[in-house]
Amino acid sequence: MAADSLNIAYDNTFTKLRELFDERILAVNERHGDAHGVNLTKLRAIAKDLKKNQELAVKLWASDDSAARLIALLICRPKEFSTDSLDAMLREARTPKVTDWLINYVVKKHPE
């Protein structure tokens, strides 16, 4: 993916996340230790529109935003991560939902 289109996709993703942000959803999620204020069904719809995109997934993960990280886990290609990258991601995952999705959608599908 070209750098320009990667940056546009990244910016558009955050624009959508800001539009879908809901304080009530954040309040409910915070009670469970999570830090995102976007309905998970709507978050999955964003990921479906983005399709699989490893470069964007890596960039979204690096943002340290919980909702963006959840999208990253849905659009990544698990087999393209090194074991060192996965180890670092597991250590960086700070909320239960991100950790759960990382393990179930990425780590379990990794060949090693």
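This is a predicted model: local features need pLDDT of at least 70, side-chain atom pairs count only at pLDDT 80 or more; totals for chains, interfaces and linings use all residues.
Q: Where is His36?
A: His36 sits in the loop between helix H2 (23-31) and helix H3 (40-50).

Q: Is His36 buried or exposed?
A: His36 is buried, because its relative accessibility is 2% and buried means under 20%.

Q: What does the side chain of His36 reach at 3.3 Å?
A: The backbone oxygen of Val38.

Q: And which residues does His36 touch, not counting those up to four places away in sequence?
A: With those left out, His36 touches Ile25, Leu26, Asn29, Ser66, Ala67, Leu70 and Lys97.

Q: Ser66 is on that list. Where does Ser66 lie?
A: Ser66 lies in helix H5. Ser66 is buried too, with a relative accessible area of 11%.

Q: What does Ser66 touch, again not counting residues up to four places away in sequence?
A: Ser66 touches Ala35, His36, Thr95 and Val98.

Q: Staying with H5, how do H3 and H5 pack?
A: Their axes are 9 Å apart, at an angle of about 50°. The two helices are therefore oblique to each other, and H3 passes H5 in a right-handed crossing.

Q: Which residues meet there?
A: From H3 there are Leu40, Leu43, Arg44, Ile46, Ala47 and Leu50. In H5 they meet Ala67, Leu70, Ile71, Leu74 and Ile75.

Q: What about H1 and H5, how do their axes cross?
A: The axes of helix H1 (residues 3-20) and H5 cross at roughly 125° and come within 10 Å. That angle makes H1 oblique to H5. The crossing of H1 and H5 is right-handed.

Q: Which residues of H1 and H5 meet?
A: Thr13, Phe14 and Leu17 in H1 meet Ala67, Ala68 and Ile71 in H5.

Q: New topic: which residues of H7 are buried?
A: Helix H7 (residues 96-106) has Val98, Trp101, Leu102 and Val106 as its buried residues. They are on the same side of H7, because they cover an arc of only 105° around the axis.

Q: What do the buried residues of H7 pack against?
A: They pack against H3, helix H4 (54-62), helix H5 (66-75) and helix H6 (83-92).

Conventions: Residues are numbered from 1 along each chain as its sequence is written. Side-chain values use heavy atoms; hydrogens and water are left out. Helices (H or I, at least four residues) and strands (E, at least two) are DSSP runs, numbered from the N terminus. Buried means under 20% relative accessible area, exposed over 50%, partly exposed in between (1.4 Å probe, protein chains only). A polar contact is a pair of N or O atoms within 3.5 Å; within protein, one must be able to donate a hydrogen and the other to accept it, and residues adjacent in sequence count only if both atoms are side-chain atoms. Contact means heavy atoms within 4.5 Å. The arc is that of the directions from the helix axis to the C-beta atoms. Axes are lines fitted to C-alpha atoms, for helices over the stretch in contact, and angles run from 0 to 180 degrees between N-to-C directions. Angles under 35 degrees count as roughly parallel, over 145 as roughly antiparallel, 65 to 115 as roughly perpendicular and the rest as oblique. A crossing is left-handed if the near helix is turned anticlockwise from the far one by less than a right angle, and right-handed if clockwise.
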